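Subject: Handing over a structure

Hello,

Please find the sequence and the structure just below, and keep both open while you read the notes that follow them.

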Amino acid sequence: MQALTGALIFGSVGCGDGQREELDSERKSWEAVRPSRYRFDYTVTGAAPGRGPWRIEVNEQQVVSLTWVGVGATPTPGLTEATAPTVEALFEHVARAFDESSVQATVRYDPQWHHPVEAYFDAGEEGDGFTTAEFTPVD
């Protein structure tokens, strides 16, 4: 099965109402098209452990499979099925950035599925974030 791709929608997340509205709109659009089962590749950016990419499979908003698809040995510490995010968890991560007045976040969304494909959170010292790729509904 081929991964579905398209142009990306860029958005800058911060304290502004327009950015929060964009996040809310993308989340509602995601909820309208969200497949019940899907998989995607997830990579942590910045200094956080686990890096990636990890292939995460989700069924009914619960992680059911997690596979290291990066080069070399599986990192330790890494992700577990209990700590791997769903798309809903990624939206929550971005929403928490709104609540932190000291965090400036930049987010890109997928135009077809509306989930975050890249987010960067800058708190002034060291930034972190995530990327997603190869989003695919699973039959």
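Which residue in S7 is the bridge partner of Glu-118? In this model, which is a predicted one, the bridge partner of Glu-118 in S7 is Thr-131, and the two strands concerned, S6 and S7, run antiparallel and are joined by 4 bridges. S6 also pairs with S5, again in the antiparallel sense, and here there are 6 bridges, with Val-107 having Ala-119 in S6 as its bridge partner. The hairpin that S5 and S6 make has 6 residues between the strands, and in this hairpin His-114 takes a positive phi near 75 degrees.

For the overall layout, you will find 2 helices and 7 strands in the protein, and if you read along the sequence they follow the pattern β-α-β-β-β-α-β-β-β. Of the 139 residues in the protein, 41% are buried, while the accessible surface comes to about 7,400 Å², with carbon and sulfur atoms accounting for 47% of that area. Among contacts with a separation of 6 or more, 55% are between residues 24 or more positions apart.

In soluble globular proteins, nonpolar side chains tend to be buried together. Here the largest nonpolar core has 30 residues, and those with the most contacts inside it are Phe-40, Tyr-42, Ile-56, Val-94 and Phe-121. Several elements supply at least two residues each to this core, including helix H1 (17–33), strand S2 (37–46), helix H2 (87–99) and strand S7 (128–137), and the largest share, 7 residues, comes from H2. If you select Tyr-42 and leave out residues up to four places away in sequence, you will see that Tyr-42 touches, among others, Trp-54, Ile-56, Leu-79, Leu-90 and Phe-130.

Thr-43 and Phe-130 are 87 residues apart along the chain, yet their C-alpha atoms are separated by 5.5 Å. With residues up to four places away in sequence not counted, Thr-43 touches Arg-51, Gly-52, Pro-53, Gly-129, Phe-130 and Thr-131.

Leaving aside its neighbours within four places in sequence, Arg-27 is in contact with Phe-91, Glu-92 and Ala-95.

Lastly, there are the aromatic rings, for which a search of the whole structure finds 8 pairs. One of them is formed by Trp-30 and Phe-135, which are edge-to-face, at 5.7 Å centre to centre and with 80 degrees between the planes. This pair links distant parts of the chain, since Trp-30 is in helix H1 and Phe-135 is in strand S7, 105 residues apart, and both residues of the pair are buried. Tyr-38 and Phe-40 form a stacked pair, at 6.0 Å centre to centre and with 25 degrees between the planes, and both Tyr-38 and Phe-40 are buried. Together with Trp-113, the residues Trp-30, Tyr-38, Phe-40 and Phe-135 form one aromatic cluster.

With best wishes

Conventions: Residues numbered from 1 in each chain as written. Predicted model: local features only at pLDDT ≥ 70, side-chain atom pairs only at ≥ 80, totals over all residues. Heavy atoms only, no water. Core = buried A, V, L, I, M, F, W, Y, C linked by side-chain atoms within 4.5 Å. Buried < 20%, exposed > 50% of the residue type's maximum accessible area, 1.4 Å probe, protein only. Contact = heavy atoms within 4.5 Å. Pairing = 2+ DSSP bridges. Phe/Tyr/Trp six-rings, centres within 6.5 Å; stacked < 30°, edge-to-face > 60°. Areas by Shrake-Rupley, 256 points an atom, 1.4 Å probe, with all protein chains shown as cover.
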